[in-house]
Amino acid sequence: MPDFEHWGAEFHHRVFACCRDDLLKEIRNRMHAIRNQSPWFEMKKCSFSEERRRRYCDEHQAILDCLVRRALECAKNAMLAQLKTVERNLLGR
């Protein structure tokens, strides 16, 4: 799981770095700080599975595919889908 967390954070960093939006970059910085705290890591560890790792990777790939095609509505929907997956997995919602 630590390798996945590292590369997941790197994916987020690169997406936000390319957006040229200072507010989004600040949101990413705050996300990074939260992801490096023990409670986040413990929540992820308790909810982590190989199936969920694959789903997160698939969702990251979908986001990347949309961004490469400059399909903004597609990217927005893919990002929202991933946020909902994380919410469901971490918070049970």
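Which element gives the largest share of the lining of the largest cavity? That share, four residues, comes from H2.

The model is predicted, with local features needing pLDDT of at least 70 and side-chain atom pairs pLDDT 80 or more, while totals for chains, interfaces and linings use all residues. Residues are numbered from 1 along each chain, and side-chain values use heavy atoms, without hydrogens and water. Helices are DSSP runs (H or I, at least four residues), numbered from the N terminus.

The largest cavity has a volume of about 40 Å³. A cavity is a set of points on a 1 Å grid, over the protein atoms alone, where a 1.4 Å probe fits but cannot get out. A volume is the space filled by probe spheres set on the points. Ala9, His12, Arg28, Met31, His32 and Arg35 line the largest cavity, each with an atom within 4 Å of a point. H1 and H2 are the elements that give two or more residues to this lining.

H1 (residues 2-18) also packs against H4 (residues 50-68). The angle is about 20°, and the axes, lines fitted to C-alpha atoms over the stretch in contact, lie 12 Å apart. H1 and H4 are therefore roughly parallel (angles under 35 degrees, on a scale from 0 to 180 between N-to-C directions). The contact (heavy atoms within 4.5 Å) includes Phe4, Gly8 and Phe11 of H1 and Arg53, Tyr56 and Cys57 of H4.

Note on methods. Parallel < 35°, antiparallel > 145°, perpendicular 65-115°, else oblique. 1 Å grid on protein atoms, 1.4 Å probe; cavity = no way out; pocket = protein on both sides within 12 Å on 5 of 7 lines; lining within 4 Å.
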